[in-house]
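User: Hi! Could you walk me through this structure?
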Amino acid sequence: MNFDDTPQEAAFRAEAKAWIAANAPAQYKDELAKASLGRVQLKGANILEVGKAWQKKKAEAGWACLHWPKDYGGRGATPIERVIWQQEEGVYGKLSGLFIIGHGMCGPTMMAYASEDQKRHYLPPLASGEKVWCQLFSEPAGGSDVAGLRTRAERDGGDWIINGQKIWTSGAHYSDYGILITRTDPTVPKHKGLTMFFLDMKSPGVEIKPIKQANGQAEFNEVYFTNVRIPDAQRLGAVGDGWNVSLTTLMNERMSIGANVATGFPELFAFCANLTLADGPALDDRAVRSKLANWAVRTSGLKYTSFRAISALSRGERPGPENSIGKLVAGAMIQDIATYALDLQGAAGVVSSPEQAELGGKFQAMLLRSPATRVEGGTDEILRNIIAERVLGLPGDIRVDKDVPFNKIPTKGR
Ligand SMILES: Cc1cc2nc3c(=O)[nH]c(=O)nc-3n(C[C@H](O)[C@H](O)[C@H](O)COP(=O)(O)OP(=O)(O)OC[C@H]3O[C@@H](n4cnc5c(N)ncnc54)[C@H](O)[C@@H]3O)c2cc1C
C-alpha cells in the first residue's frame, strides 16, 4: 500500500482544496464540524436549502458527482479523485446528506438501465441537486428480503398501474423522483417476478406519510400507491428482471454507505480529554483508558481497511463485499461509544434536549440514531451473512422459499 498521492493526484488535491477554500459556505463550518452523527441541523438556516445551494455551486464549477460522465452532470473523474475530493470537502460533505441516495444509488441505476435520452434529461438536475431522488424498495413484508415485496404493477396498454405500500423511504417527503421495485408476476419464484421503474413522486395516487423517529426527526416515510400510472418508457431493465436491476442499486448502496463510516471515537476522545471524574482527569482513569484503547484499535483497523479500499480504487479495482465490514464494525461502535459517553455524564446523561444537555446533546442524538445505522443499507446480520458467504466462502444461508412460486409461499393475509 502506498498512501502518497501520485503527482497527478497531488495536483488534483491542490485544485480541489483551493476551490473549496474560495467557495464553501464557511459561515457553517464550525457548526458542521460540531454536528453530531445523525442530527445535522443548522441554527437559523434550513439544511435542505443550504445543501442544495452548495450542490448547485459545485455543479456549476464541475465538482458535483465527480465520477459521473460530463454529459450526465459529472466531471468524468477517476474513483480515487472522488475520494480525494471527499477528503478535502471534509465537514462540508455533511451538507450532501439529502443527495446520498440519489447520487449513490438512483443515479448509478439510471446510468445502467435508462435510455440515453432519459439519462441526459434526468441525471444533470440530479447531479446539481436541483432534483432529489429516493429509493422505494423496503416494504412491511420485504426489508432484508427485498424479494418478498408485494407492491403490484399491472400492465394497462402503454402504462403500468401500481398498487401497494413501501416503508422506511428516506427523504420521500422532499423527493422529486424515486426508483421503485414492484412485483409484476406472482406466479414465478420471488426473485424472478420483479420489475423496476422510476417515477415522479408527485404522480396522482402517491401518498407520503412521515414516520416520527425516536430522535424527534422524521427522515423517512411510508409511501402508499393507489392506482398510480407509470408509462412503460419509465421501466428500468426488462420485465421480470427487477432483481438484477436492484442488485446494481444495492451494490452501490453498500459502497456509498461503507465509504463514509463514522465511529464516534474522535468525539468520545475529545469529551474524555476535557472530563474530570471524582478522582481526577478521565484520561488518567484506568477503566476509561482501557475502553478508549480498545476503540482506538478498532478505529485504526477501520481506517486501514478503508485505505485498502482506496488503494484498490487507485489501482482501478472495484471494492468488493469486504466493504461491508466498515459499517458492521462502526455501527456497533457508535452505539457502544454513545452509551459509554452517557454513562460518564452520570445523571445528566438522561437530558437530551440540545439546549440543556451536555455538549448540545451530541451523544444523546448519536445514541438515538445508532440503531438505524445498524439497520439501514443491510442489517448487521445480513452483513455478516455477506461476509460469511462471499468473503469467507462459508456455506450459504438456508433459503427455503427461493424456488417456490411467490403466490405459493405460505403466508398470512396476502
Ligand atoms: C434510517 C433508515 C433509512 C432507510 N431508508 C430506506 C430507503 O430510503 N429506502 C428503502 O427502501 N429502505 C430504507 N430503509 C429500510 C432498510 O433497508 C430495512 O430496514 C432493512 O433492509 C431491514 O429490513 P426490515 O426493517 O424489514 O427488517 P427485517 O428484514 O424484517 O429484519 C428483522 C430482523 O431479522 C434479521 N434477519 C432478517 N433476515 C435474516 C437472515 N437471513 N439471517 C439472519 N437474520 C436475519 C435482521 O437482521 C433484523 O434483525 C431504511 C432503514 C433505516 C433504518
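Analyst: Happy to! Keep in mind that this is a predicted model. Let's start with a pair of helices: Gly-102, His-103, Gly-107, Met-110 and Met-111 in α5 meet Lys-119, Tyr-122, Leu-123, Leu-126 and Ala-127 in α6.

User: What kinds of residues are in that contact of α5 with α6, by nonpolar, polar and charged?
Analyst: There are 6 nonpolar residues, 3 polar ones and 1 charged one in the contact.

User: And at roughly how many degrees do the axes of α5 and α6 cross?
Analyst: They cross at roughly 170 degrees, and the two axes come within 11 Å. Because angles over 145 degrees count as roughly antiparallel, α5 is roughly antiparallel to α6. For finding them in the viewer, α5 covers residues 100-113 and α6 covers residues 116-127.

User: Which residue has a polar side-chain atom 2.6 Å from an oxygen atom of the ligand?
Analyst: That's Ser-144. Ser-170 also brings in a polar side-chain atom, which lies 2.7 Å from a nitrogen atom of the ligand. With Gln-135, it is a backbone N or O atom that lies 2.7 Å from a ligand nitrogen.

User: How much of the ligand's accessible area does the protein cover?
Analyst: On its own the ligand has 970 Å² of accessible area, and the protein covers 68% of that.

Notes
Residues are numbered from 1 along each chain as its sequence is written. This is a predicted model: local features need pLDDT of at least 70, side-chain atom pairs count only at pLDDT 80 or more; totals for chains, interfaces and linings use all residues. Side-chain values use heavy atoms; hydrogens and water are left out. Axes are lines fitted to C-alpha atoms, for helices over the stretch in contact, and angles run from 0 to 180 degrees between N-to-C directions. Helices (H or I, at least four residues) and strands (E, at least two) are DSSP runs, numbered from the N terminus. Angles under 35 degrees count as roughly parallel, over 145 as roughly antiparallel, 65 to 115 as roughly perpendicular and the rest as oblique. Contact means heavy atoms within 4.5 Å. Ala, Val, Leu, Ile, Met, Phe, Trp, Tyr, Cys and Pro count as nonpolar, Asp, Glu, Lys and Arg as charged, and the others, Gly among them, as polar. A polar contact is a pair of N or O atoms within 3.5 Å; within protein, one must be able to donate a hydrogen and the other to accept it, and residues adjacent in sequence count only if both atoms are side-chain atoms. Accessible areas come from the Shrake-Rupley method with a 1.4 Å probe; for residues, only the protein chains shown count as cover.
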